[in-house]
Amino acid sequence: MTHAIGGVLSAIGKTPLIELRVVVPKGCARVVAKAEWANPTGSMKDRMARAAVEHAEGAGYLTPGGTVVEYTAGTTGVSLAYVCAAKRYHLEIVFSDAFSDEKRRTMQAFGAHITDVKSDDKKITEHLIKEMIRTAGELSARPGHWYCDQLNNHSAISGYFALGDELFEQTGGEVDAFVHSVSTAHSIHGVTQALWRKNPKIHIVAVEPAESPVLSGGTSGSHKIEGIGIGFIPPLWEPGLVNEILTVTTEEAKAMARRLAREEGVFAGTSSGANVVAALRVAERLGPAATVATIIVDSGLKYLSTDVFRTQPGD
C-alpha cells in the first residue's frame, strides 16, 4: 500500500503540545506550549512565510523566477528563505548585526542575499527597524521584485489560524488563557481569531519588552529580546483582539530561556522565555483549575552565538 507524500512545505504545522512542569510553581494553572521548533526551520514563522508567499502567487504578485524582498530580525527571513528555496524564488533580505549570526548563516544557506543595516551596539531600537524597512522598500522597487513587508501583510495572519485550531484541539478545548509576545502581531491575532471562533471567553494576553512598552502606552526604548518589540505600534495591531498586556524584561526572558533548557529540556529562544515568564504570572493568578497556553516560538539553536546561553551552569 502506498501513501501520499508531499513536498517539503507539507512538513509545516501539526506541532506537538507540551506541558511545562518544573518551572511552574505549585498551586498555579497548568501551562502548556506549542513546540513550534518542530517546524522545518525550527520556528513558527514557517507558517506565515508559506501563507504570505502563496497569497502573493495567487494574486499574481509573484511569478516564476521572481524575487521576494523582506526586512527581518532573522526568524521570518529564515522561513522565507526556506519557502523561496522550495518554490525556486530569489530572496533579498535586509538584516542587521543586532540579531544572531546563526540566522544570517541559515538564510545564506538557503540562498538568500543579505543587505546589512548597522545597529547601535547590537541594540534593537525603533530607529534600527525603521531603517531596515526603508532599505527594503528601496530594494523592492526593482523590476520583478515582490515586497513581502511583513508588518503590513494581511495575508500573513492567516498562516496562524491553523496554529490556533491545533492548540484548541490538542487541549480538548480546555484552554482558559493564551499568552504570546508581539512583533508584527500576526501570530497573536491569528491564534486569537481561531481560538475565539471556538470560545470567545478565552483570555488573551499580549507580551512586550519592559524596556520598550509601547503597546502599554509607554516610551519606546532599546532591548535585546530578538523577534519582538519593534519599538512602535505595529500597523496591523488590533487592541480589540487582546484582553491584557504584560511586560517582561530582557534579563527575565533570558533567564527563563536558560531555565527552560536546564530544567525542562526545552531549548528555545529569548522571546519564548518572555512568553513563559508572562504565562507563569497568568497561571499563578488563575490557579490550579485553569489551563494557560503559550508558544515556544523557535529553537535555541538560533541563538548559540548570543549571550543567552553563554553562562556557567548554575547562573
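These notebook entries record what I looked up in one predicted protein model.

**Entry 1. Ground rules**

I note that the model is predicted, that local features need pLDDT of at least 70, that side-chain atom pairs count only at pLDDT 80 or more, and that totals for chains, interfaces and linings use all residues. Residues are numbered from 1 along each chain as its sequence is written, and side-chain values use heavy atoms, with hydrogens and water left out.

**Entry 2. The whole protein**

I began with the overall dimensions. The C-alpha trace spans about 60 × 55 × 40 Å along its principal axes. I then looked up the radius of gyration, which is taken over C-alpha atoms. The globule rule is 2.2 Å times the number of residues to the power 0.38. For 315 residues a compact globule would have a value near 20 Å, and the protein has 19 Å, which agrees.

I counted 8 helices and 10 strands. Helices (H or I, at least four residues) and strands (E, at least two) are DSSP runs, numbered from the N terminus. Of the 315 residues, 57% count as buried; buried means under 20% relative accessible area, exposed over 50%, and partly exposed in between, with a 1.4 Å probe and protein chains only. Among contacts (heavy atoms within 4.5 Å) with a separation of 6 or more, 73% join residues 24 or more positions apart.

**Entry 3. The nonpolar cores**

A nonpolar core is a set of buried Ala, Val, Leu, Ile, Met, Phe, Trp, Tyr and Cys residues joined through side-chain atoms within 4.5 Å. In soluble globular proteins, nonpolar side chains tend to be buried together.

Which members of the largest core touch the most other members? I found V68, L91, F99, M132, W146, F178 and I188, out of 64 residues. Helix α2 (residues 75-87) gives the largest share of this core, 6 residues. A second, separate core has 31 residues, including A29, V248, V277 and L280.

I followed W146 further. Apart from neighbours within four places in sequence, W146 is in contact with A52, V53, A56, Y61, L62, T67, V68, V69 and N153.

**Entry 4. The sheet**

I traced an open sheet of 6 strands, with mixed pairing and the order β1-β2-β10-β7-β8-β9. Two strands pair if DSSP finds at least two bridges between them. β1 (17-20) and β9 (244-248) stand at the edges with a single partner strand each, so one side of each has no neighbour in the sheet. On average, neighbouring strands of this sheet are turned by 30° against each other, direction ignored; the axes are lines fitted to C-alpha atoms, for helices over the stretch in contact, and angles run from 0 to 180 degrees between N-to-C directions.

Strand β10 (residues 291-296) has 6 of its 6 residues buried. T291, A293 and I295 point one way from β10, while V292, T294 and I296 point the other way. β10 runs parallel to β2 (residues 30-35), with 6 bridges joining them; A293 is the bridge partner of V32. β7 (residues 177-181) also pairs with β10 in the parallel sense, over 2 bridges, and A177 has V292 as its partner.

E208 stands opposite T247 in β9.

**Entry 5. Helix α7**

Helix α7 (residues 250-264) has 15 residues and reaches 20 Å from its first C-alpha to its last. This is close to the 21 Å expected at 1.5 Å a residue, where the expected span is 1.5 Å times one less than the number of residues. I list T250, A253, K254, M256, A257, R258, L260 and E264 as its buried residues. The buried residues of α7 pack against β1, β9 and α8 (270-286). Just after the helix, G265 takes a positive phi of about 70°.

**Entry 6. Single residues**

Is R88 buried or exposed? R88 is exposed, with a relative accessible area of 66%. R88 lies in the loop between α2 and β4 (90-96), and its phi is near 65°, a positive value in a residue other than glycine.

D149 also has a positive phi, near 45°. D149 lies in the loop between β6 and α5 and counts as buried at 16% relative accessibility.

S155 is placed in the loop between β6 (145-147) and α5 (161-170). S155 is buried at 12%, and its contacts beyond four places in sequence are A51, A52 and H55.
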